[in-house]
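Here are some notes to read alongside the structure, written for someone meeting it for the first time. Please keep the model open as you go through the points.

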Amino acid sequence: MLDLMKAGGWLMVPILLCSVAAMAIVIERFWALRRKRIMPDGLVMQIWELQRSDQLDEQRIEQIRQGSALGRMLAAGLVNRFHAREVMKEAIQDTGRHVVSGMERYLSTLGTIAAVTPLLGLLGTVIGMIDVFAVIMDAGVGDPGVLAGGISQALITTAAGLSIAIPALMFHRYFLSRVDKLVVGMEEQALRLIEVMQGEREAADGETP
């Protein structure tokens, strides 16, 4: 591997740095975007049980907010649970935009790596071919061994750039799709919470003489 890096020239350094960054982002996003961490099961039901038992105070709401990304959204609605349905919904949507932004953290960097590394490989190819033509001008084409260095640099950097860009692009698209699915699920849970909380409130108001 070290010999390949030396043969590829100085452009292998930024390509290698891109590979390390891409791997770190992929590992971090796999950990951060776990479904149980983002959207715990039964959270709306737990909130409803707390509400029914009159235990849904500020401390409980803060615990819900700190527990997960979905909890942040639902807590924003719970703070406004005594207001109109639209106020509660708007508070959840405003917080949801911040939550989604956090879920998409580093994905733009991963997409940039997927776009840049092939260009770095192409640049290495161009530099390698320039070296080849410079050698041809000086020594002619009689000795293939003299041309091997430039050709090797051109091929190695291209292969290295593509070998990093392809999986980086795949993981970038995968994580974007994963975020979209999680967002849809959180929106469903948020709407369910609004219906439960507002429905109970409306029912209680209807029983009031």
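1. Just after α4, aspartate 54 takes a positive phi of about 60 degrees; helices are DSSP runs (H or I) of at least four residues, strands are E runs of at least two, and both are numbered from the N terminus. Aspartate 54 is a residue other than glycine, and its place is the loop between α4 and α5. With 73% relative accessibility, aspartate 54 counts as exposed. Here exposed means over 50% relative accessible area, buried under 20% and partly exposed in between, with a 1.4 Å probe and protein chains only.

2. A word on the source: this is a predicted model, in which local features need pLDDT of at least 70 and side-chain atom pairs count only at pLDDT 80 or more, while totals for chains, interfaces and linings use all residues. Residues are numbered from 1 along each chain as its sequence is written, and side-chain values use heavy atoms, with hydrogens and water left out.

3. Tyrosine 106 also deserves a look: its phi is near 70 degrees, a positive value in a residue other than glycine. Tyrosine 106 sits in the loop between α7 and α8 (107-139), and its 34% relative accessibility makes it partly exposed.

4. Now for the whole protein. It has nine helices and zero strands, and 36% of its 209 residues are buried. Of the contacts (heavy atoms within 4.5 Å) between residues at least 6 apart in sequence, 78% join residues at least 24 apart. The accessible surface is about 12400 Å², with 63% belonging to carbon and sulfur atoms; the areas come from the Shrake-Rupley method with a 1.4 Å probe, and for residues only the protein chains shown count as cover.

5. Which residues of helix α4 (residues 43-52) are buried? They are Leu43, Val44, Ile47, Leu50 and Gln51. Seen down the axis of α4, these buried residues fall within an arc of 120 degrees, so they line one face of the helix. The arc is taken from the directions from the helix axis to the C-beta atoms.

6. Leaving out residues up to four places away in sequence, leucine 78 touches Ile47, Leu56, Ile61, Ile64, Met88, Leu193 and Met197. Leucine 78 and isoleucine 47 are 31 residues apart along the chain, and their C-alpha atoms are separated by 9.2 Å.

7. Asparagine 80 lies in the loop between α6 and α7. Is asparagine 80 buried or exposed? At 17% relative accessibility, asparagine 80 counts as buried. Apart from neighbours within four places in sequence, asparagine 80 is in contact with Val87, Met88 and Ala91.

8. Serine 101, in helix α7, counts as partly exposed at 47% relative accessibility. Its C-alpha atom is separated by 9.9 Å from that of valine 179, 78 residues apart along the chain.

9. Finally, find the largest pocket. It is lined by 18 residues, and Ala32, Arg37, Ile38, Ala69 and Gly102 lie nearest its centre. Two or more lining residues come from each of α2 (12-32), α3 (35-38), α5 (58-67), α6 (69-79) and α7 (85-103). A pocket is an open set of points on a 1 Å grid over the protein atoms alone, where a 1.4 Å probe fits, with protein on both sides within 12 Å along at least five of seven lines; lining residues have an atom within 4 Å of a point.
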